Amino acid sequence: MKIIDAHIHLSNIKSFYETAEKLSFVDYSTAGILKEFEEANVVLGIGMGLTETNKMGFPDYEARTPMVLDMEAELPANIFCCAGVNPYDLDESALARLEEELKNPKTVGIKIYLGYYPFYAYDKVYEPVYKLAAKYQLPVVFHTGDTYSERGYLKYSHPMAIDEVAVNHRDVNFMMAHFGDPWTLTGAEIIYKNPNVFADLSGLIVGTKAELDKRSQGRFLDHLRHALEFADSYDKLLFGTDWPLIPIGPYIDFIKDLIPEEHHEDVFYNTALKVFPKIKPFLE
């Protein structure tokens, strides 16, 4: 089965290097991810654009919109990007830069970091971004749920706020990263109710295969299993890892165990083609 990883990182972020070194033990480099892709039959990855400055570090209020994948000057052929948005840098010149980036064949969506930046999804600051998404028929990906930085503000990353945006912008597709975890039952209702909202299953666990095996036991995943069955919307879910937070191969097996086999083709491949239509020519 061919697999699309709809949520990876490939930027020079200090916390990602530290996670790779101390928790997931992956080779956080372009060569490292391409090796994992080949071993796991991942044919394409979508990276979430993210940058930080030496002054602050992520979440970086001084990062320049659009944020991209800055580990390499040129992306590998099978890795694409969602341009990241810093709401503190969204004046006319920033929006012009963002629009120019959206014309790049390698840019397949927009990423908004709810929680990391203290703005709700329905804040007026993001309205010009949604207009650009509609103009270029590109999806908007929201970070939802727990933040990987203690400097994040959780109230802004709760998935409930996305309902209002989805209703007001039916001409845009939205994807909730991490299914709103730990508020997955709310995330389930959002994707069930709104035809233009999807969710990826990335970043649910950080660490190694041993951590995946440990967390798969007991009641740790009860809330997620409940949400998956409640939504009964497997055609609205996408596979993603949040690499380098977890090695790719073991995470594929972990998600396979959570999703009924008859829905694997959708979750691991087909739905990503619907949400990110710009990747289709590469896969033809």
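**View 1. Helix H9 in the lining of the second largest pocket.** Helix H9 contributes the most residues to the lining of this pocket, five. Helices are DSSP runs (H or I, at least four residues), as strands are (E, at least two), numbered from the N terminus. The model is predicted: local features need pLDDT of at least 70, side-chain atom pairs count only at pLDDT 80 or more, and totals for chains, interfaces and linings use all residues. Residues are numbered from 1 along each chain as its sequence is written, and side-chain values use heavy atoms, with hydrogens and water left out.

**View 2. The second largest pocket.** A pocket is an open set of points on a 1 Å grid over the protein atoms alone, where a 1.4 Å probe fits, with protein on both sides within 12 Å along at least five of seven lines; lining residues have an atom within 4 Å of a point. The second largest pocket holds about 160 Å³, a volume being the space filled by probe spheres set on the points. Its lining includes Lys209, Asp213, Arg225, Asp253 and Asp257. Helix H7 (209-215) and helix H9 (248-258) are the elements that each give two or more residues to this lining.

**View 3. The largest pocket.** The volume of the largest pocket is about 570 Å³. Among its 33 lining residues, Tyr116, Asp146, Thr147, Tyr148 and Ser149 are the closest to the centre. Helix H1 (residues 14-24) supplies the largest share of the lining, four residues.
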